[in-house]
Every structure is written in structure tokens, then in C-alpha cells.
Amino acid sequence: MEVADIIIKFVLVVVIFAISLVIAMYSTYAERKIAAFFQDRIGPNRAGPWGIFQPLADGGKMFLKEEIIPTNSNTFLFIAGPSLAILTACIGSAVIPWGQQLVIGKYTIPLQVTDINVGVLYIFGVVSLGVYGIMIGGWASNNKYSLLGAIRAASQNISYEIAMGLSIIALLMVTGTLSLKEIAAKQHGFWYHGWFTWNFFRQPLGFLLFIVCAFAETNRAPFDLPECETELIGGYHTEYSSMKLGFYLFSEYINMFVSGAVMATLYFGGYNFPFMHYFSGNVLALLGVVALFAKIFFFIFFFMWVRWTLPRFRYDQLMDLGWKILIPLAIANIIITGVWITYL
Amino acid sequence: MEPLSNKRKVIEDKPLNFLERAYLPAIVQGLATTMKHFFRKPVTIAYPEQKREYSENFRGMHSLKRDENGKERCTACGLCALSCPAEAITMTAAERQKGEENLYREEKYAAVYEINMLRCIFCGLCEEACPKEAIYLDGPHVPSDYLRKDFIYGKDKLVEAPLNQ
């Protein structure tokens, strides 16, 4: 590997890292604004024009708050919890193909940090690690509400990961690859040979299952039982304050961003967009990035839209939905897909 | 029992059908409802810049009126204090001296006129009781303060500003 390659990768990592953090930051602002619009309000509008500096003010507040570590907590695990949560949230974006390659001079820059051939599995591994941040934090707090929140998070994630994995298997049967780059490349354009190229139109049920599970995995409403203000005070982050709390909240928004990117890549064509054959070269690559981000922003908006529409599930309803409905449906989806591939 | 009104409604407890149990149609309906609100005009009044209009018959802070020549109308008859259900009004009467004809309309006037704004219930009975049309509850809200004693408003706060001649 040349020095130039290393520098290119390093720059790409830093850029993606910065973008995910900025998007997570502004997701908090977007959440507040969108919540306000859904409730016929205005939302934050004091910090700067239309309140666009609100995330900076919130961040500054988080940093300046008193840092409290409960006396009877396990200090090491108490600090490890939010660190792990934000770490796992940030590394998920490494395998996402953000676009096709850019050509600058003699260098070809693929807009993907790494194209490992088990990209989907990597995402799954990282997402499953995310629950440890919540569990460790909830356990280390030495607070019954935190512990309840952590237990809920763990059992919820285990239940929904099965359905998520099964819904992905059907997708992998269609695409025949685990590499996210190839999955995105196979959905080139929008319309080909009389049918849509995007996987959503081959796997609509799979996508439905996947998005429901994505809501559960990111602990978003209506599956936000681990935090659940009304029952568990704050759930796993009850005892947290200052930037450690900020890390938990931040990791939730980064997870939303990453899962939006994953959904866009797996089911909605990633960086592909209709009429893309009119463009070529760097213009095509940049437009692809724009298209991918538009899809991601739509998914983030959809997450928020659902949050302000649906009430929270009761815990037994959550488990019923996961085990008795989603998993059988996912298995049925695999069988239907298998029959479809074999006989059509 | 015979129903007392025709509003009685028999509720059937029938089991959910397949579409209702599938959640999704209901979720789509809910999403449409929230989306309708998304494009609706916000009802917020951004307070310090915009202020909500007081209604026409709003009863706010009292003011003691002057007549067309700028003389105080109040004659300290005490009917307002008598009518006050919350006993918020006290006053001390005094006789008008020579040379004060341009200040007070009648021979008697209120040397001290105090309303305890923490007791006042803004019912408006004082303005109804007043025979001289001297007191009206036509002011804005009574502002907040830190000490109880600061809520006892004297003539300095109640009497209308003198006319400019």
C-alpha cells in the first residue's frame, strides 16, 4: 500500500466521522423542530436564525454540566458504558458505500472506507455490540430503573435481531453477495428489463420487517422501552449526567444515521438514482452521494415522524410482535423468496 | 332503566378483523394525521415579540380615573371597599384644602387608596359599585414581584397619569 492510499483512507475516515457527528448533532435539532411542527408549534428559534445554533448550545450545556458518578456504582463500567455506545455507533459506517469512485488526477478514490466481503455481517456484529453499551451502563449505575432499562434493551435487541437477520437472509438470497458495495452496484439505475432495480421492489415484506426491527434496534419510539421516561424515569441513562449522557443520546442519533444508510443501501439502491446514465465520472459520483444522503435524511425524518405518531408498545406486546409475528413472517418471506428464485 | 337522553350508544365488543390486527393500515392513517399537522400553521405566539390581544372585557389592573379637567374623580365614599368580596381595598378620606380645586373634583378625596393585588380576584364589583365612575379594571396584567408588601398598590401606581396641558 502506498503512502497516498493511506492518506486517502485517513482523510475519508475523518470526513465520514465528522459528517456522522455533525448529522447526529443536527438530528437533535431536527428532532426538536420536527416534533414542534408535528405538534403545531415553532420549536427552538432563539439561538441564531431559526435556532440553527441550538445544537451548539445544547452541546455546550452538556459539557459544562456537573459530572456525577454515583458512589455505589462501578466507576470503570460506568465510564465504559457510554464510551462503548458511542464507539460502536461510530464504527458501523465504515463499510457503507457512500458513492462510486472519484477520480482526481491519477488517483482513484473509492467512496467507501473498506469493502470487506462480509459487510452485512460486519454491520450486524457492530449493531449487536451496541447493546453492550446500554447494558453495561445500566448495570454499573446500581439503580433499579437503570437495570430494568438495560434488561429490556438486551431482551428487545436479542428478539429483534433474529427477525432482522432472517429478513436479511431473504435479501441475500436475491442479491447473492454479502458485500455492501456489490449490493449497491447491483441496484444500478432505477428501471431495468421491465422491473425496478432497487431491492425494495423485490423484497417489500423483507424491507417492512427490516425497518420495524431497525426501530427496535435503535431504541426509537414506538420501541423505546429501554429509556421509557414514563415508566423508568430515564431507563438505562437515569444516573448519567454531563457528556456521558450526551454520548448516549448522541449514539442513538448516530445509530439512526447509520441504520438509515444501511436501509438505503440494502433496499433503496444506495447511491443509485433514476436517470443516472445521463451522467458520468466525478459528477455521477457526487450526485450519487447526494442521492444517498437524501435517502438517509428521508429515513431519519421517517424515524422522527413515527416517533411523534405512535405510542410506545407495552413490553409483552413488544415481545409478542417480535417472536410471534415478525419471526414467522421473516421465515415465510425466506420460503417465498426461495420458491420465487427457483421457479421464476 | 329508561334512558334519560337519546345519547346512549350500545358498544359492540367485536374481535378485531385481520386488517385491524395487522396494525399497518392504522399506522398509515396515524402517519397521515401527523403529516397534516406538519403543514399546519403553528399556533405559537412568540411572546416577547408578539403579544396576545387582550379581550374586550378583560379585567386587569385597576386605574383611578381623572375627569376631563384632570381632577381625580374619587371621593373616598368607600362603596368600592364595601362591595369588594375579597376585602382588598382600603382607603383614608381627607378634606380638600383651599387651592387644591384643580387636583380633586369634590370636597372630599382619598388621601390613601390601597388595593392588595394578592387579595383582589378581579371580579369588577368595585367598578360596578362606584357612583363617580372613578375606578376601572382596564389595565394590563398585574406584574409579578418578589415581596408581598410590593403587591399593595397605592395611589402612585393606581391613579391615571395627569393630563398634559
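Biologist: Thanks! To start, which residues does A:Gly288 touch, not counting residues up to four places away in sequence?

Modeller: This is a predicted model, so please read every value as computed from it. A:Gly288 touches A:Gly99, A:Gln100, A:Tyr271, A:Asn272 and A:Phe273. The residue itself sits in helix 10 of chain A, which covers residues 281-307. A:Pro97 is 191 residues away along the chain, and its C-alpha atom is separated from that of A:Gly288 by 10 Å.

Biologist: What makes A:Gly288 buried?

Modeller: A count of neighbours. A:Gly288 has 23 other C-beta atoms within 10 Å. The label needs 20 or more, so A:Gly288 is called buried.

Biologist: And why is A:Ser242 called partly exposed?

Modeller: A:Ser242 has 16 other C-beta atoms within 10 Å. A:Ser242 belongs to helix 9 of chain A, residues 242-267.

Biologist: How do you know that B:Glu87 is exposed?

Modeller: B:Glu87 has 11 other C-beta atoms within 10 Å. With the limit at 12 or fewer, B:Glu87 is therefore exposed. You will find B:Glu87 in chain B, in the loop between helix 3 (79-83) and strand 2 (89-95).

Biologist: How do you know that the length of helix 4 of chain A is close to what is expected?

Modeller: Helix 4 spans residues 119-140, which is 22 residues, and reaches 32 Å from its first C-alpha to its last.

Biologist: Why are helix 5 and helix 7 of chain A called roughly antiparallel?

Modeller: The axes of helix 5 (residues 144-175) and helix 7 (residues 204-217) of chain A come within 9 Å and cross at roughly 155 degrees. Angles over 145 count as roughly antiparallel, so helix 5 and helix 7 of chain A get that name. Their contact has ten nonpolar, four polar and one charged residues. Among the residues of helix 5 that meet helix 7 are A:Tyr160, A:Met164 and A:Ile168, and the helix 7 side includes A:Leu209, A:Phe210 and A:Cys213. The crossing is left-handed.

Biologist: What makes helix 7 and helix 11 of chain A roughly antiparallel?

Modeller: Helix 7 and helix 11 (residues 315-343) of chain A pack at about 150 degrees, with their axes 10 Å apart. That angle is also over 145, so helix 7 and helix 11 of chain A are roughly antiparallel. Their crossing is left-handed. In helix 7, A:Leu205, A:Gly206, A:Leu209, A:Val212 and A:Cys213 meet A:Leu326, A:Leu329, A:Ala330 and A:Asn333 in helix 11. The residues of this contact divide into seven nonpolar, two polar and no charged.

Biologist: Lastly, how many residues of chain A are in contact with chain B?

Modeller: Ten residues of chain A are in contact with eleven of chain B. On the chain A side, six are nonpolar, two polar and two charged.

Conventions:
Residues numbered from 1 in each chain as written. Chains lettered and ligands numbered in written order. Predicted model: local features only at pLDDT ≥ 70, side-chain atom pairs only at ≥ 80, totals over all residues. Helix = DSSP H or I, 4+ residues; strand = E, 2+ residues; numbered from the N terminus. Contact = placed C-beta atoms within 7 Å. Nonpolar A, V, L, I, M, F, W, Y, C, P; charged D, E, K, R; others polar. Axes fitted to C-alpha atoms, helices over the stretch in contact; angles between N-to-C directions. Parallel < 35°, antiparallel > 145°, perpendicular 65-115°, else oblique. Left-handed = near helix turned anticlockwise from the far one by under 90°. Expected span 1.5 Å × (residues − 1).
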